[in-house]
Amino acid sequence: MLVDSHCHLDRLDMDDETLAQTIAFARQRGVEHFLCVAVSVDSFTAMHDRVARFDDVSMSCGVHPLHQDEACDKQTLLEAARHPRVVAIGETGLDYHYSANTKSVQLTSFVDHIDVANTLSKPLIIHTREAKQDTLSLLKAHKADNTQGVLHCFTEDLDMATQAMDLGMYISISGIVTFHSADQLRDVVRHVPLDRLLVETDSPWLAPVPYRGKQNQPGYVREVAEYVADLKGVTLDALASATTDNFYRLFSLAGKA
Ligand SMILES: [Zn+2]
Ligand SMILES: [Zn+2]
């Protein structure tokens with residue numbers, strides 16, 4: 001069975017009934033659990049209310065680096081993240097590709113998230129783009145290896161993956177791996193050990209081939225997993241069971257709320 005380790009179910013452009021059908025379709029395709037990731041504390045309650053009725057959906061709480069206009073202080077984040085359905089802190093991180101101008105707020109927010117993750121013993125969901133040194137040095141300086149976490153939708157180089165794994169991080173692969181231009185990422189996947197890999201859709205964005213350009217959905221994590229299995233030279237079953245074991249090892253509160 002598969003897990004979609006990172007999706008934004010509340011951002012899918014569909015009504016509640018279609019959302020239920022979309023999740024049912026994913027289950028039919030072998031997806032047994034979904035981690036629905038918040039992009040801000042402000043929008044957490046609305047996200048929670050939209051997906052709480054699904055027992056196989058767990059949630060995160062945090063402020064996305066590209067949503068710093070909805071930034072909040074550390075105490076507010078801490079209180080929101082205590083919610084029993086919240087199994088992880090994020091997504092947080094640093095994105096200098098799309099938003100280098102908010103660098104200083106992103107840095108403060110990232111440190112707050114690492115501190116909250118350590119306080120609550122909930123792992124981090126980290127978004128990192130063109131911010132290798134700052135991401136790694138903040139994880140190190142603020143002892144993120146205590147809580148561990150995942151570098152989600154990974155697109156950076158093998159050296160970054162290796163250094164992050166040394167800090168206890170997992171590496172999550174999205175549909176980007178199926179894109180024609182993703183040679184570097186395919187090389188990273190070949191080198192990351194099977195016991196450190198996760199798979200995700202990041203839906204509604206980044207639909208894998210052959211759905212590229214359409215709205216992504218959790219059921220398509222199967223295409224990502226098939227592609228990654230091919231790269232690793234293992235069967236889909238082996239890849240599914242490894243990544244699903246990894247998911248529950250890292251997000252140990254998932255499925256227990
Ligand atoms: Zn992200
Ligand atoms: Zn995301």
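Me: What counts as a donor of a metal, and which residues coordinate the zinc ion (ligand 1) here?

Reply: Donors are N, O and S atoms within 2.8 Å of the metal (3.2 Å for Na, K and Ca), and water is not among the atoms, so sites may look incomplete. Here Glu91 (OE), His127 (ND1) and His152 (NE2) coordinate the zinc ion (ligand 1) at 2.0 to 2.1 Å. Bear in mind that this is a predicted model: local features need pLDDT of at least 70, side-chain atom pairs count only at pLDDT 80 or more, and totals for chains, interfaces and linings use all residues. Residues are numbered from 1 along each chain as its sequence is written, chains are lettered from A and ligands numbered from 1 in the order in which they are written, and side-chain values use heavy atoms, with hydrogens and water left out.

Me: How far apart are the zinc ion (ligand 1) and the zinc ion (ligand 2), and which residue coordinates both?

Reply: They sit 3.5 Å apart, with Glu91 coordinating both. Along the chain, the donors of the zinc ion (ligand 1) are spaced as E-x35-H-x24-H. His127 lies in strand β5 (residues 124–129) and His152 in the loop between β6 (149–151) and α7 (158–166), so this pair, 25 residues apart, links distant parts of the chain. Helices (H or I, at least four residues) and strands (E, at least two) are DSSP runs, numbered from the N terminus.

Me: Are His127 and His152 buried or exposed?

Reply: Buried means under 20% relative accessible area, exposed over 50%, partly exposed in between (1.4 Å probe, protein chains only). His127 is buried because its relative accessible area is 14%, and His152 is buried too, at 4%.

Me: How do I read a nonpolar core, and which residues touch the most other members of the largest one?

Reply: Think of a set of buried Ala, Val, Leu, Ile, Met, Phe, Trp, Tyr and Cys residues joined through side-chain atoms within 4.5 Å. In the largest core, of 71 residues, Leu9, Leu139 and Val228 touch the most other members. Apart from it there's another core of 13 residues, including Tyr170 and Phe251.
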